[in-house]
Amino acid sequence: MMSKALTPQWSSTPQSFSAAHSLMVAGPSELVVEGLSLGAGQPLLGRHSTDKHLGWDDAVGLHAGQGLLDSFATLAKSTIGSGILGLPFVLSRCGMVPFLGSIVVFAALNSYTIMLLVWSFEAVRLGYPGFHVLEFDYPELGQCAYGVAGKWAVLIINGIDLWGTLVAYLVVIADVVCPVMRFELDQAIQSHSCGTLSDGRWWCSPVSLLARREVVIVLAMLAIWPVCSQSHIRSVAISSHLGLLTMVTFVVYIGLSSFRTNFFAHLQGASLWPEEIGNFIISIPVLAFAFSAQFNTFVIYAALKQRTPKRMQLVTQGSMNFAGAVYAILAVLAVVLFAGQVIEPNIISNFALRDFGFDVVRSLFGVSIALTIPTICFEVVELCVRVFLPVGERPSFTQRVVMAGGILGVAAVVAMAMPSLTAVLGLVGSTTTSTVSFVFPPLFYLKVNQVTMSIANVGPDKSYPSRYGAWLMLVVGLSCVPVFTLFTAFY
């Protein structure tokens, strides 16, 4: 890992991007594979992959080098996550034209800010000593730019972002399980000729508690807690691939179902514009959450074969365009499928129970969530370890149990208070996700680029992105975060 006090230096020998591997020095406890160095003391944050975050364990598995297609698949897989469930609702609120236009804009903006991080990577590689490719992550970039304050800012904001994703998953569990529980309990009661849950008999209230949102969230938290308290999570690879399989099955099922309806007539009847401008504004943070992939940039770029910014740009643009296409197709198909109905904040809630095809999709979602939540909670625990414990100290089992319980407990309370999935996605997207995606990348790029160029005693390098563009992105990001947060919270 890079030293705590990073002093920028410029080698007396001119360095090019292709020759910059010579800056890396491997110690006796480090593994060097094809010019990539992995030390024994990797950053704790990001060792494992989650719904939206790849970990350094992924990079270790990719150290031999990924081609363009593999890197594209990795970035696309880490981009398409739980935000997809709220996009049909967003389309129904903001209209077809603004929604599709926003998809294009967010794909372009995220491609741009990811490339700012890539060029920051290159600037740091040339201007800072002790640089190790596989040990460089987002917090380390923050430290290079603004010292310990920059590193802590990234750790805290990313921790809250991960925790917000955890809240979103607990809300998804409630949305998926509660209708099923109520339906099954009602069927069981009717089969014993005891009436229904809504009869008002003395035993109805206690039995119906099992189908209440709050009870389901608490039970889910208690079931997940022991797994989250472990020192290692083994479900990472399974949850990653199952999550992708679930999303593909979901899109295919909705597509097949929508084409069995009067597709073109329903499509023509879809609203083109929002009824109120506020409906469009509060939809933007959900899209910001859906496209977020900046935290995975360094893992994927470090593993890219014949690594250059130009090759990474192909990967980034391809992945963002693919994610945008999937989001647009899914949202349009869902709106067509449920034409004439109210689109729920979580599209799963629109599907009828005892629909065999969707029961399969629902089951896949359930298993995927059960495997993914522990990895997200594990990441937040590891972040707390990195923030609160001395460097190199590992927590005891009791400490992990307490931290995991506190993280899950607070997340459960917040999930109970949230009115819908899109409310969670909107709040997280307008605050932490927007900061990680649109504020930190230009902010850090401007700093490390300036430092590297000044140490090299040269003028601006034309191969780097324009500083004017980075400044514009920074101003837009800083302006949008408070505006969208206020709209999401109070509109």
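One aromatic cluster is formed by Phe-121, Tyr-138, Tyr-146, Phe-295, Phe-298, Tyr-301, Phe-440 and Phe-444. The model is predicted, so local features require pLDDT of at least 70 and side-chain atom pairs count only at pLDDT 80 or more, while totals for chains, interfaces and linings use all residues. Residues are numbered from 1 along each chain as its sequence is written, and side-chain values use heavy atoms, with hydrogens and water left out.

Rings of Phe, Tyr and Trp (its six-membered ring) were paired if their centres lie within 6.5 Å; planes under 30 degrees apart count as stacked, over 60 as edge-to-face and the rest as tilted. This rule gives 18 aromatic pairs. Phe-106 and Phe-291 are stacked, because their ring centres are 6.4 Å apart and their planes lie at 10°. Phe-106 belongs to helix α4 (residues 96-127) and Phe-291 to helix α11 (residues 284-291), so that the pair links distant parts of the chain, 185 residues apart; helices (H or I, at least four residues) are DSSP runs, numbered from the N terminus. Phe-106 is buried at 7% relative accessibility, and Phe-291 is buried at 0% (buried means under 20% relative accessible area, with a 1.4 Å probe and protein chains only).

Tyr-138 and Phe-440 make an edge-to-face pair, with 6.4 Å between centres and 70° between planes. This pair ties together parts 302 residues apart in sequence, because Tyr-138 lies in helix α5 (residues 138-191) and Phe-440 in helix α16 (residues 421-456). Both Tyr-138 and Phe-440 are buried.

The charged end of Arg-307 sits over the ring of Tyr-301, 5.8 Å from the ring centre (the criterion being NZ of Lys or CZ of Arg within 6 Å of the ring centre and within 35 degrees of the ring normal).

Methods:
Helix = DSSP H or I, 4+ residues; strand = E, 2+ residues; numbered from the N terminus. Buried < 20%, exposed > 50% of the residue type's maximum accessible area, 1.4 Å probe, protein only.
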